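I open this notebook to record what I looked up about a sheet and a helix. The entries follow the order of my checks.

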Amino acid sequence: MGRILMLLFVSVLVLTGCVKKVEPKKDAKLEEAKIVAGKAAGEFMKELKSILVAEMKKGGPESALNVCSDTAQEFAKTYSVKKGMELKRVSFLNRNEANIPDEAEVMWLKECENMMKAENFNKDTVFFRVERSANSRTLHLAKPILLAEECVVCHGTDEQIPANIKKLIAEKYPNDKAVNFSPGDLRGLVTVKMKL
Ligand code: HEC
């Protein structure tokens, strides 16, 4: 009788979830930061694109030029202040040398290129690592940016970019490498750094 009662007691505990398997402790802070930073990266790119497209409709590529340049840099700054994280866009073939990828970003960009070559690329891939210093930890997260149809007027082939745009680009970015992209190409990464 005692044994049966004991068995019953244990089953009730298990069924109600009072006895749980011991799971390895998750880094809750990191998991939460990954969600917040991933969301911010997506939002940043979406807002940037919608401003770019609206400006193109209103004033053509000439007036949109500063959206992808000054607005992007400004936008990244205000976004960073507002959200307490550092947002950037980086690319091997950059127009602005401020957008050169760092060591981890080079690795991630290469990984994207390899996945594209192997035809198993997923545009929703999220890369991350934790950078540690003596007394702090920083989440570094990145997502790929693909070229869209709307982008070719400024990042496409010589024939696709209007002469006045080419002139403006050449004046402002004498070392421009961000041309000859086609829709669907890997354009770069949007990256976020966030203290944990
Ligand atoms: C009206 C012209 C124009 C259009 C359209 C445009 N861009 Fe740009 N893009 C620029 C300029 C100018 C820069 C340099 C930005 C800077 O100074 O940081 C740039 C920079 C970038 C960068 C940062 C890396 C680098 O090369 O310095 C990315 C990524 C990028 N563009 C992606 C896109 C995508 C994706 C689209 C389409 C949704 C797009 N651009 C459409 C003009 C444009």
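I worked on a predicted model, in which local features need pLDDT of at least 70, side-chain atom pairs count only at pLDDT 80 or more, and totals for chains, interfaces and linings use all residues. Residues are numbered from 1 along each chain as its sequence is written.

Entry on the sheet. I took helices (H or I, at least four residues) and strands (E, at least two) as DSSP runs numbered from the N terminus, and counted strands as paired if DSSP finds at least two bridges between them. I found an open sheet of four strands in the order β1-β4-β3-β2, with antiparallel pairing. I noted β1 (86–90) and β2 (127–132) as the edge strands, each pairing on one side only. I traced six bridges between β2 and β3 (residues 137–146), antiparallel in sense, and F128 stands opposite L141 in β3.

Entry on helix α3. I asked which residues of α3 are buried (20 or more other C-beta atoms within 10 Å of the residue's own, C-beta atoms being placed from the backbone; exposed means 12 or fewer, partly exposed in between). They are E105, W108, L109 and C112. These cover an arc (of the directions from the helix axis to the C-beta atoms) of only 100° around the axis, which puts them on the same side of α3. I recorded E103, M107, K110, N114 and K117 as exposed, on the face turned away from the buried side. After α3 comes E119, with a positive phi near 55°.
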